[in-house]
Amino acid sequence: MDIKNLTIKEAHEMLISKKMSVLELAEAVLKVAEDTRDLNAYLEIFDDVRAQAEVAQKMIDEGRATMMTGIPVAMKDNILIKGRIVSASSKMLENYRATYDAGVTKKLREAGAIFVGRTNMDEFAMGGSTETSAFGVTKNPHDLTRVPGGSSGGSAAALAANAALGALGTDTGGSIRQPASFCGVVGLKPTYGSVSRSGLMAMASSLDQAGPFAKTVEDAEIIFDCIKGHDPMDSTSYPDDMARKDFGKPRVIGVPTEFVHAKGVDPRVLKNFEESLEAMKKEGYEVKEISLPTLAHGLSVYYILMPAEVSSNLARLDGVRYGYHADGANLLEDYMKSRGEGFGREVRRRILLGTYVLSSGYYDAYYGRARAVQEKLKQDLALAFKDVDIIATPTAPTPAFKIGEKSSDPLAMYLADIFTVPVNIAGVPAISIPCGIVEEEGSKLPLGIQFIAPHFGESVLFAAGKDFEKTQKSNII
Amino acid sequence: MSIELKDVEHLAGLARIAVSDSEKEVLRKDLEDILAYVSQVKEVAAEMGSPEAGELHNVMREDEGAHEGGVFTEDILSQAPAREGNRLSVKKIL
């Protein structure tokens, strides 16, 4: 069976009409996953995929199928599946087994989805390339010398290589959208609080959000509909009735031109972005220039708030209760050695940075000010959404970069998040959709366009996204 | 913003992370560069006058509906590096 270009929607119809069995689909996906092991997209392919397929088939045969029943999905290695190793691609948790299911795992399981395996990522989701993984870099399926993006690079690469029909990732500053852009797939960062964070390994709790990777906007919507909803196990999860606002059909696209033309943005990305906007005009959208100077400060705010939360969230990893343990002469040395050896370089750097910005004497100057600018950014964005239905930017300033190109310069790596980070700072939803390719050294590298909507405006993103996809039929890779 | 080696050592101590001598200088420079970049929030905040962080509200649920004792004990303790019966084992601190 050829599963290249097979969408969740199409697979669902084939499963329901019995043109294909769940096992046939699962076997086809497993074969691709095995054949593409050299990508290092999966850290582990689960040994019970066939047993899971049987359960899903029974659901279909008994007429209890949902849209996700029998659909093979890849799970980022920071999402808990009870009884399975979940390592966050860190030596710290290399052998850690989840003691419960994450909220999103529970929802997918109940819907009959099939977990193919757990995917590689930047250690504890800290990075934009999967190069900080303790278990080796993932390669971009479009060019094996390039990164797949990150931190959810394994999920994006697995999907782009057809080793799953959909995937879950987490996005704290762009970790779903940027790898989606680099790998030529759709990636959605939902509204903060719309998808449960219970059972996701916390990086920066006020910014983290789980979301789908998919081949099409429609598929992303199918996965989002499955995983969204209130969860009493997550105190920041929104009650379902808050998300029921009707936004209508989007018509006006706002473009923060000054921000988009920031220093360091690849001219090919800008040219493609202009072409994408022209295509949307032909679909009947109005494109309007907007001024949002605070967007440019998103990255500074992010690199204060995020490490601050990282330093407190990761304090739990002490070598005593679970995870990596290194023996010292006394308890203090146990802590120092376990954490010094268990965490990789980028994680250590961010914990120290967070410790600094939270320390007495600097708290107001950094954390306090960053929270204030965060509020300003939220207000400015809310104001902008009075005039426009969505805001468009490129997803990333460049196509996928070379493995090793930025790994020794953390600031250069951080700048790759410039367009995605403000979305998390404001807590609004955004989607990245493939919008063409650039050719470099004989490789065809995908680019992505990002649409941003107001809080709970996922329906607007899906509507505009589907319209945009129609304009891209000639560009499919 | 200048960061010195002794600042790195102090932060590493607070964060309970052992850092090798060769890494200290790298971290010192990285922290200095990153802090120089993020310091723009100070100017932005200053331009905004006296900004306030967002409103706070209680997100805690009532403490009720506790599960039966012991049902998760084995799952959780099986992940501990060292244990004695149903307790975590650590080095003495006194």
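**View 1. Strands E2 and E4 of chain A, side by side.** In this predicted model, strand E2 (residues 72–76) and strand E4 (residues 166–170) of chain A pair in the parallel sense, with three bridges between them. Pairing here takes at least two DSSP bridges between the two strands. One bridge to look for: A:Ala74 has A:Ala167 in E4(A) as its partner. Strands (E, at least two residues) and helices (H or I, at least four) are DSSP runs, numbered from the N terminus. Residue numbers start from 1 along each chain as its sequence is written, while chains are lettered from A and ligands numbered from 1 in the order in which they are written. Local features need pLDDT of at least 70 and side-chain atom pairs count only at 80 or more, whereas totals for chains, interfaces and linings use all residues.

**View 2. The eleven-stranded sheet of chain A.** The sheet is open, with mixed pairing, and runs E1-E3-E2-E4-E6-E5-E10-E11-E9-E7-E8. Strand E1 (42–45) and strand E8 (286–289) sit at the edges with a single partner strand each, so one side of each has no neighbour in the sheet. From one strand to the next, the twist averages 30 degrees.

**View 3. Where H10(A) packs on H2(B).** Helix H10 (residues 298–313) of chain A and helix H2 (residues 21–38) of chain B pack at about 130 degrees, axes 8 Å apart. That makes the pair oblique, the label left over once under 35 degrees is roughly parallel, over 145 roughly antiparallel and 65 to 115 roughly perpendicular. Axes are lines fitted to C-alpha atoms, for helices over the stretch in contact, and angles run from 0 to 180 degrees between N-to-C directions. A:Ser300, A:Tyr303 and A:Ile304 meet B:Ile34, B:Tyr37 and B:Val38. The contact residues split into five nonpolar, one polar and no charged.

**View 4. Chain A's side of the interface.** Here 43 residues of chain A are in contact with 38 of chain B, contact meaning C-beta atoms, placed from the backbone, within 7 Å. H10, H11 (331–342), H12 (345–358), H13 (364–384) and H14 (410–415) of chain A each supply at least two residues to this side. H13(A) gives the most, with eight. By type, the side has 21 nonpolar, eleven polar and eleven charged residues. Nonpolar covers Ala, Val, Leu, Ile, Met, Phe, Trp, Tyr, Cys and Pro; charged covers Asp, Glu, Lys and Arg; the others, Gly among them, are polar.

**View 5. Confidence along chain B.** Chain B has a mean pLDDT (the predictor's per-residue confidence, 0 to 100) of 89, with 93% of its residues at 70 or more. Confidence is lowest in H3(B) (residues 40–47), mean 84, and highest in H1(B) (residues 5–14), at 97. The model scores ipTM 0.92 and pTM 0.96.

Notes:
Contact = placed C-beta atoms within 7 Å.
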